[in-house]
Amino acid sequence: MRRQCELLGLSRSGLYYEPAVASTANLRLMRLIDEQYLKTPFYGSRRMTAWLTRRGEEVNRKRVHRLMNLMGLAAIHPGPRTTMRNLDHKVYPYLLRGVAIERRDQVWSTDVTYIPMPEGFMFLAAVIDWHSRFVLSWRLSNTLDGRFCLEALDAALEGGRPEIFNTDQGVQFTARSFTSRLEAEGIAVSMDGRGRALDNVFVERLWRSLKYEDVYLKSYHGVKELEVGLEAWFGFYNHERLHQSLAYRTPAEVYRGAEPIDP
């Protein structure tokens, strides 16, 4: 089975996944919430409910709060974050305040985002190099358990290792299985401070680009179709998409230290 997945260009875990199921009405609301959240990530359930109501949607805050939790969305604001966190897990300090990011593999980061689909939804985890914005690995799941996040980490570590690895305080990343994997490689673990909106900004920008440039335009109907589409988009993002912040080079050019080729 592993060899068949390699030949097809699919991840072994993605082969068995089916999108999580929700009602048509909830899926429509979740799509609206997801699109608005990318524009206003500081909207919590109260503001999101008010925004939906102004659009003519008949919803109450309890329903919006439940859907946002299901999607793994939490408002970014100066107060305590509502990211799902296991209080029994160790929380590591934020190590990047005032640190200049000057080289590849200095800092890696990861996060999870919600992917809407016509008949369900999936979750996507990715690992990114801060200096180059190069996406080192990604994995899909139909649940928010930590297995697919650990698979993404293992895949990234096959090609190297960073000095520091930064995450938020979600249960997927505070789990001992995740942090012990990093410590076993001699990697310093850094976690976003509570209420720190910009600690993981590079991954948040990645999600926005992915959804507006690909996911929302194509409306994938199945998991295999989604995997193929994501493989193509991440290839485009890494090797073809020019970044203004990288002096109009691609992430791959910066990560590998190559100069851009003149057309």
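Here are some questions and answers about this predicted model.

Me: To get my bearings, how many helices and strands does the protein have?
Reply: Let's start with the overall make-up. The chain runs to 263 residues, and 51% of them are buried. Its secondary structure comes to 11 helices and 5 strands.

Me: Among contacts between residues at least 6 apart in sequence, what share joins residues at least 24 apart?
Reply: Contact here means heavy atoms within 4.5 Å. Take the contacts between residues at least 6 apart in sequence, then pick out the ones joining residues at least 24 apart, and the share is 66%.

Me: How do the rings of Tyr212 and Tyr216 pair: stacked or edge-to-face?
Reply: This is one of 11 aromatic pairs in the structure. The two ring centres are 5.4 Å apart, and planes over 60 degrees apart count as edge-to-face. The planes of Tyr212 and Tyr216 sit at 85°, so the pair is edge-to-face.

Me: About how many helical turns separate Tyr212 and Tyr216?
Reply: Both tyrosines belong to helix 9, which covers residues 201-218. They are 4 residues apart in that helix, so the separation is about one helical turn.

Me: How is helix 3 oriented against helix 9: roughly parallel, roughly antiparallel or oblique?
Reply: Helix 3 (residues 24-39) packs against helix 9 with the axes 10 Å apart and an angle of about 140°. Roughly antiparallel would need over 145 degrees. That angle therefore makes helix 3, relative to helix 9, oblique.

Me: Which residues of helix 9 meet helix 3?
Reply: The crossing of these two helices is left-handed. From helix 3, the residues involved are Arg31, Asp34, Glu35, Leu38 and Lys39. On the helix 9 side, they meet Arg208, Lys211, Tyr212 and Tyr216.

Me: Is the crossing of helix 4 and helix 5 left-handed or right-handed?
Reply: Helix 4 (residues 45-54) and helix 5 (residues 61-71) pack at about 115°, with their axes 9 Å apart. Ser45, Arg46, Met48, Thr49 and Leu52 in helix 4 meet Arg61, Val64, His65 and Met68 in helix 5. As for the hand of this crossing, it is right-handed.

Me: Which residue lies over the face of Tyr255?
Reply: Back to aromatic rings: Trp138, Trp233, Phe234 and Tyr237 form one aromatic cluster. Tyr255 has a residue over its face, at 3.9 Å from the ring centre, and that residue is Arg104.

Notes: Residues are numbered from 1 along each chain as its sequence is written. This is a predicted model: local features need pLDDT of at least 70, side-chain atom pairs count only at pLDDT 80 or more; totals for chains, interfaces and linings use all residues. Side-chain values use heavy atoms; hydrogens and water are left out. Rings of Phe, Tyr and Trp (its six-membered ring) pair if their centres lie within 6.5 Å; planes under 30 degrees apart count as stacked, over 60 as edge-to-face and the rest as tilted. A charge sits over a ring if NZ of Lys or CZ of Arg is within 6 Å of the ring centre and within 35 degrees of the ring normal. Axes are lines fitted to C-alpha atoms, for helices over the stretch in contact, and angles run from 0 to 180 degrees between N-to-C directions. Angles under 35 degrees count as roughly parallel, over 145 as roughly antiparallel, 65 to 115 as roughly perpendicular and the rest as oblique. A crossing is left-handed if the near helix is turned anticlockwise from the far one by less than a right angle, and right-handed if clockwise. Buried means under 20% relative accessible area, exposed over 50%, partly exposed in between (1.4 Å probe, protein chains only).
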